[in-house]
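The entries follow in the order I made them.

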Amino acid sequence: MAFPVHRPRRLRRTPALRRLAAETRLSPDAFVLPLFVVEAEDVREPIASLPGHFRYSPDRVVEAAREAAALGLPAVLLFGVPARKDAAGSGAYAEDGVVQQAVRRLKDALPDLVVITDVCLCEYTDHGHCGLLAERRGRLTVDNDPTLELLARTAVSHARAGADIVAPSDMMDGRVGAIRRALDAEGFTDVAILSYAAKYASAFYGPFREAAESAPAFGDRRGYQMDPANAREALREMRLDLEEGADMLMVKPAGPYLDVLRAAREAFDVPLAAYQVSGEYAMIHAAAERGWLDREAAMWESLTGIARAGADILITYFALEAARRLQSGGRGPAGAGAPGARAAAPGVSPAGGAEGERDAP
Ligand SMILES: [Zn+2]
């Protein structure tokens with residue numbers, strides 16, 4: 001028995017019915033704000049390719065984190081932009097490095113806010129790769145095993161500064177285990193690891209590389225980041241990271257890899273994060289600037305899609321805006337971009353109502 005007994009449209013009739021029937025709900029509890037910290041003083045400079053985002057000096061980053069906390073975000077994720085770079089990325093594990101300074105300030109000012117630190121060397125190496133370089137079989141490559149020790153030192157220095165969670169993003173084999181052992185050896189058994197387990201070699205990182213000044217000086221990262229063609233391999237990476245001691249897993253980017261998120265959600269029981277990366281954010285902004293997309297509606301739809309696919313944690317440059325709108329009881333995902341619910345003559349688009357419906361038949 002189908003139509004006319006079953007009419008799924010009954011539950012789509014009004015904004016409140018749609019909210020009631022929604023399978024996916026967004027909350028500031030799920031959002032993590034990425035923050036860029038530059039080695040300087042009293043700096044808050046806009047990042048051109050990430051509208052609404054800034055590079056902060058350690059003394060100013062607290063402002064942004066305070067806003068995030070006030071909007072109900074549980075956590076921020078820190079990236080460092082050091083003043084000097086070298087071949088070994090020594091700024092990454094310097095006790096007074098830019099991230100270490102920022103973590104101390106943040107934990108001082110906002111002890112309840114969870115501070116997650118990105119653990120990698122690419123922002124700190126003069127060649128822009130995620131580890132030490134070595135020649136192997138006539139090719140310059142990132143040398144896996146010696147890099148592990150530097151990543152572990154970086155993670156320990158972040159923990160010493162007060163980080164709650166360290167998030168290795170380098171994609172070296174064995175780094176989660178190396179970091180777990182180093183943390184435990186230093187007494188940081190309660191510092192968690194959020195592994196960028198399935199990090200793809202993606203074209204969508206472009207704006208981030210400008211923000212973090214971390215573009216590779218030569219070549220690309222396909223020798224260590226994952227091939228976009230592979231989903232089974234992502235599950236294998238995640239399984240290995242869990243075996244090595246990861247507490248949480250991440251898929252990055254988010255939008256082009258929703259199938260990977262769904263598969264991970266079904267395969268693993270740990271919290272699952274998705275990173276809606278800079279290019280995903282910039283695309284929506286750029287299209288909206290041209291009048292080709294409704295920015296807010298596209299924001300909600302992209303975030304809802306990522307959550308629906310299975311992500312518990314959404315790392316996104318929309319974090320503040322989405323939290324602000326959710327908190328102020330504005331249009332929200334249930335209203336934005338939803339097909340019009342008000343009565344209209346056939347073929348006539350209902351005008352945007354108080355709930356912000358726009359017709360998209
Ligand atoms: Zn890196």
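Which residues in helix H11 (residues 319-327) are buried? I found Ala 319, Leu 320, Ala 322, Ala 323, Arg 325 and Leu 326 buried there. A residue is called buried if 20 or more other C-beta atoms lie within 10 Å of its own, exposed if 12 or fewer, and partly exposed in between, with C-beta atoms placed from the backbone. Helices (H or I, at least four residues) and strands (E, at least two) are DSSP runs, numbered from the N terminus. An α-helix has 3.6 residues a turn, so residues three or four places apart point the same way. After H11 I noted Gly 329, with a positive phi near 65°.

I noted the source. Residues are numbered from 1 along each chain as its sequence is written. This is a predicted model, in which local features need pLDDT of at least 70, side-chain atom pairs count only at pLDDT 80 or more, and totals for chains, interfaces and linings use all residues.

Next I looked at a helix pair. The axes of H7 (residues 232-244) and H8 (residues 258-267) come within 10 Å and cross at roughly 45°. That makes H7 oblique to H8; angles under 35 degrees count as roughly parallel, over 145 as roughly antiparallel, 65 to 115 as roughly perpendicular and the rest as oblique. Ala 234, Leu 235 and Met 238 in H7 meet Val 260, Ala 263, Ala 264 and Ala 267 in H8, where contact requires C-beta atoms, placed from the backbone, within 7 Å.

Then I checked Gly 177, which sits in helix H5 (residues 175-185). Gly 177 is partly exposed, with 18 other C-beta atoms within 10 Å. Leaving out residues up to four places away in sequence, Gly 177 touches Glu 244 and Gly 245. Its C-alpha atom is 9.2 Å from that of Ala 152, 25 residues apart along the chain.

I looked for cis peptide bonds. One joins Phe 3 and Pro 4, with omega about 10°, and Pro 4 lies in the segment before helix H1 (15-21). Another joins Lys 252 and Pro 253, with omega about -10°; Pro 253 is in the loop between strand S10 (248-252) and H8.

Last, I looked up positive phi outside glycine. Asp 42 has phi of about 50°, in the loop between strand S1 (31-38) and strand S2 (44-46). Asp 42 is exposed, with 8 other C-beta atoms within 10 Å. Arg 137 has phi near 50° and lies in the loop between strand S6 (133-136) and strand S7 (139-142). Arg 137 is exposed, with 5 other C-beta atoms within 10 Å.

Conventions
Axes fitted to C-alpha atoms, helices over the stretch in contact; angles between N-to-C directions. Contact = placed C-beta atoms within 7 Å.
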